[in-house]
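This briefing is intended to be read alongside the sequence and the three-dimensional coordinates. It is arranged by topic.

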Amino acid sequence: MKAPLAMCFTRRMGLTVVSDDITTLRIDAIVNAANTSLVRGGGVCGAIFAAAGPELDAACAALGGCDTGAAKVTPGFGLPARWIVHAVGPVWHGGGAGEAALLASCYRRSIEVAVEVGATGLAFPAISTGIFGFPKRPAAEIAVTTLREFGGDLDVVLVAFDAETAEIYESLLA
């Protein structure tokens with residue numbers, strides 16, 4: 001039997017890496033790698049919408065979208081997580097269009113809105129590295145640097161969908 005995730009939270013200055021399905025984590029809040037319209041998408045976004053249930057569609061519609069680099073929060077509905085932080089990362093355009101700053105902003109804003117609703121634990125997917133095309137290693141470096149700087153007392157879990165991403169996170173936290 002797998003050990004409860006909560007037992008892992010105090011390692012590595014509050015940052016833990018897991019290879020798991022973010023929709024199954026028992027943590028205060030999870031981050032959705034959202035699009036600016038906050039509508040059901042593919043990848044992690046689609047999985048979160050499917051697991052949370054139809055109430056999430058209505059809640060996101062009521063938020064009226066979200067700018068790139070920003071984040072908004074909804075209840076978790078059918079998820080074990082109490083909250084879903086919808087963070088909009090940048091689409092990769094080669095690195096010269098401010099993508100790094102926007103990705104860092106999206107991690108920072110996710111922390112801020114999670115703290116505003118009282119979350120003490122927050123799980124992140126690898127934002128922008130899927131269909132948005134941000135290269136995995138630079139994205140992971142931005143994530144780890146930003147979370148170390150702004151994570152405060154939050155217990156943060158970096159959720160890797162694949163072995164490559166997990167290895168990158170682990171190397172950065174070593």
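The model is predicted. Its 6 strands form an open sheet of mixed pairing, in the order β1-β6-β5-β2-β4-β3. The largest nonpolar core holds 36 residues, and a second, separate core holds 21.

**The sheet**

- The edges of the sheet are β1 and β3 (71–75), each of which pairs on one side only.
- From one strand to the next, the twist averages 25 degrees.
- Strand β2 pairs with β4 in the parallel sense over 6 bridges, and Ile30 stands opposite Ile84 in β4.
- Strands β2 and β5 also run parallel, joined by 2 bridges; the bridge partner of Ala29 in β5 is Leu122.
- Strands β3 and β4 run antiparallel and are joined by 5 bridges. Ile84 in β4 is the bridge partner of Thr74.
- Strand β2 is mostly covered, with 5 of its 6 residues buried.
- Helix α1 (residues 43–52) lies across β2 and β4 and runs at about 130 degrees to β2.

**The nonpolar cores**

- In soluble globular proteins, nonpolar side chains tend to be buried together.
- Within the largest core of 36 residues, Leu122, Phe124 and Tyr169 have the most contacts.
- The elements that each supply at least two residues of this core are β1, β2 (29–34), β4 (83–88), α3, β5 (121–124), α4, β6 and α5.
- Helix α3 gives the most to this core, with 7 residues.
- The second core of 21 residues is separate, and Val18, Leu38, Ile48 and Ala81 are among its members.
- Leaving aside residues up to four places away in sequence, Leu122 touches residues that include Ile27, Ala29, Ile30, Val31 and Val85.

**Helix α5**

- In α5 (residues 163–173), the residues Thr165, Ala166, Ile168, Tyr169, Leu172 and Leu173 are buried. They lie on the same side of α5 because they cover an arc of only 160 degrees around the axis.
- Ala163 and Glu167, on the other side of α5, are exposed.
- The cover over the buried residues of α5 includes β1 (15–19), α3 (99–116), α4 (136–150) and β6 (155–160).

**Val156 in β6**

- Val156 is located in strand β6 and counts as buried because its relative accessibility is 2%, below the 20% limit for that class.
- Apart from neighbours within four places in sequence, Val156 is in contact with Gly14, Leu15, Thr16, Leu122, Phe124 and Leu147.
- The C-alpha atoms of Val156 and Gly43 are separated by 21 Å, and these two residues are 113 residues apart along the chain.

**Thr23 in the β1–β2 loop**

- Thr23 is found in the loop between β1 and β2. Its relative accessibility is 10%, so Thr23 counts as buried.
- The side chains of Thr23 and Asp21 are joined by a polar contact of 2.7 Å.

**Positive phi at residues other than glycine**

- Phe77 is not a glycine, yet it has a positive phi of about 50 degrees. Phe77 lies in the loop between β3 and β4.
- At 33% relative accessibility, Phe77 counts as partly exposed, because that class lies between 20% and 50%.
- Ser128 has a positive phi of about 75 degrees, although it too is not a glycine. Ser128 lies in the loop between β5 and α4.
- The relative accessibility of Ser128 is 5%, and Ser128 therefore counts as buried.

Conventions: Residues numbered from 1 in each chain as written. Predicted model: local features only at pLDDT ≥ 70, side-chain atom pairs only at ≥ 80, totals over all residues. Heavy atoms only, no water. Buried < 20%, exposed > 50% of the residue type's maximum accessible area, 1.4 Å probe, protein only. Helix = DSSP H or I, 4+ residues; strand = E, 2+ residues; numbered from the N terminus. Arc of directions from axis to C-beta. Contact = heavy atoms within 4.5 Å. Core = buried A, V, L, I, M, F, W, Y, C linked by side-chain atoms within 4.5 Å. Pairing = 2+ DSSP bridges. Axes fitted to C-alpha atoms, helices over the stretch in contact; angles between N-to-C directions. Polar contact = N/O pair within 3.5 Å; in protein donor to acceptor, adjacent residues only side chain to side chain.
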